[in-house]
Amino acid sequence: MYCNDITLKRFPMFPRLPDISSKFLLASAVVATAAWIAAAPVPAAAQSDKERLRLLEKTVEELLKRDEEREKVVRELKSKLASRGTGKIKSAGASGRTGHEGHGQGGGHGKRDDVWSGEIGDGTLRFVRLGLDATAAAGYSSERNAFSREVLQAGGHDPKQTGFTLQSLDLSFSGAYDPYFSAFVALTYFLDQEGESKFELEEAYFQSREIAGFLTVKAGQYFTGFGHFNTLHVHDWTFVDQPLIANRMFGPDGIRGQGVEGTVRLPLPWHSAVILGMQNPFGETMASFGASDELFEERSIGGYAHKDLEIDSFRDFVYLARLRNSVAPWTDGTLRFGISSLFGPNATGSDGRTIILGGDVGYRHNLGGGRHVDLASEFMWRYYKAEDRSASGGAPGNTLVDYGFYVQGLAYLHPKFGAGLRYGYVSGMGQGVGDLANRQIDPFRADRHRISPLAVWKFSELANLKVQYNWDQMNLIPE
């Protein structure tokens, strides 16, 4: 280690003082300094913690008051501009999918991605997203087209035959009127198995902002919030077709209908909510409940004939109860799990009742660099009590039980390439009536297994190519 030695030298221009004078001057300087320090005022004692806290609170209150005054002025100016019709386009691009298990809705508060917004009255009208999603398939089946369409691939948007299938062309809109509610509309166009054009209103609903800090309310036409898969639109599916158990419980198009649904956020350390809802029981999208004549002609439950339902009391609606949870046990992982129940009348008569119970779990682990692993599984159980019509010459009553599950995984070990595998199983108990008295010859209640490997090439941020193979095992497959 090096250090510099500094030496102070006397210069000839400063003559050396006598020793007595030097000592006198030094003593005088010390006495004068001490007197000045003694005469100086003593500083006030440090403030107490309470006084400092009061001062901080007062400062915060003043800052908040200034912000409120500024916001008031801004709102007044915006209102004046809106009254002159100066709402303007914010961005020509659509926002990313951030809500509804895949759809961007009017629920977000950021205005950065709004298509259009303008001040109207005391609120802000926002056009958040305009989306167009197309899903198509080309494939080959080792079975006859009719059997593949009606039995093997019975989902409404499944690839159904050797050749080409336009599974879905979805047009969606989302918006909001802040700070009151958001809105979402989804329209879908597709070609059925005969090649005829079909146009459907999948969803159209309003959803309130959070009320009292814990409650949101949704009303309109919407997918029932049962489990995980049922809430997804076709373009958000991981695999190219719907799981066997979803098709068996909810029919070809999933379960959706008109009604009202409330979500109550629970005061827990993780994200947890209770969802309660009620919907009309009839229509082709209510297969396990009121259903429709057309649906029962194609795929009745247990061979029972359809009987039209009338809503005469609250007992005639379909009710939903669900507990939904999401937690991050690790920095890069998210675990979600939930339990669901549905109950209401079915199409066999006024005494017919249906109960569906389910559980779902999923886990996503981010590996960084656009790589991730997704795991999911869902179980469902249905209790279907058919009305006894034997007294009037109809079918005798019976209780049919059906159940099943799927488990699947998808891994993106490269940002653009992924591989997955899904296994599905369905079974049941209880015999039907008529030609379907034997459950094993009922294509929609027989035991069945399916194994589906999948490969995905995500060649752009907005498009991907999937290649999937289905191996099906069931007694009804022709030799």
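**Salt-bridge network**

I began with the network of salt bridges that links D241, R422, R448, R450 and D472. I took a salt bridge to be a side-chain nitrogen of Lys or Arg within 4 Å of a carboxyl oxygen of Asp or Glu. This is a predicted model, in which local features need pLDDT of at least 70, side-chain atom pairs count only at pLDDT 80 or more, and totals for chains, interfaces and linings use all residues. Residues are numbered from 1 along each chain as its sequence is written, and side-chain values use heavy atoms, with hydrogens and water left out.

D472 and R450 form a salt bridge, with their closest N and O atoms 2.8 Å apart. D472 lies in strand β18 and R450 in strand β16, so this pair ties together parts that are 22 residues apart in sequence. Helices (H or I, at least four residues) and strands (E, at least two) are DSSP runs, numbered from the N terminus.

Are these two buried or exposed? I used these cut-offs: buried is under 20% relative accessible area, exposed is over 50%, and partly exposed is in between (1.4 Å probe, protein chains only). D472 is buried at 17%, and R450 is buried at 3%.

**Other salt bridges**

I noted a total of 18 salt bridges. R445 forms one with D402, the closest N and O atoms being 3.1 Å apart. R445 lies in the loop between β15 (417-429) and β16, and D402 in strand β14 (residues 398-414), so the pair ties together parts 43 residues apart in sequence. Both R445 and D402 are buried. I also found E387 and R389 meeting in a salt bridge (3.8 Å, N to O). E387 counts as buried, at 11% relative accessibility.

**Helix α3**

I turned to helix α3 (residues 145-152), where the buried residues are F147, S148, R149, V151 and L152. What do they pack against? They pack against β16 and β18 (471-473).

**Surface patches**

I then checked the surface. Patches are made of residues with over 30% relative accessible area and no salt bridge; like charges are joined within 9 Å, and nonpolar side chains (Val, Leu, Ile, Met, Phe, Trp, Tyr) within 5 Å. Accessible areas come from the Shrake-Rupley method with a 1.4 Å probe; for residues, only the protein chains shown count as cover.

F417, W457, F459, L465 and V467 form a nonpolar patch, with about 510 Å² of accessible area together. β16 (448-460) and β17 (463-468) each supply at least two of its residues. W457 sits in strand β16 and is partly exposed, at 40% relative accessible area.

A patch of negative charge includes E150, E194, D293 and D308. Asp and Glu count as negative, Lys and Arg as positive; His and the chain ends are not counted. I placed each charge at NZ of Lys, CZ of Arg, CG of Asp or CD of Glu. Which helix gives the most to this patch? Helix α5 (residues 293-299) does, with four residues. D308 is in the loop between α5 and β10 (318-330), exposed at 54% relative accessible area.

**H228**

I found H228 in the loop between β7 (215-223) and α4 (244-250). H228 is buried, at 16% relative accessible area. The C-alpha atoms of H228 and V361 are separated by 8.4 Å, though the two are 133 residues apart along the chain.

**Whole protein**

Last, I noted five helices and 18 strands. Of the 479 residues, 39% are buried.

Notes. Contact means heavy atoms within 4.5 Å.
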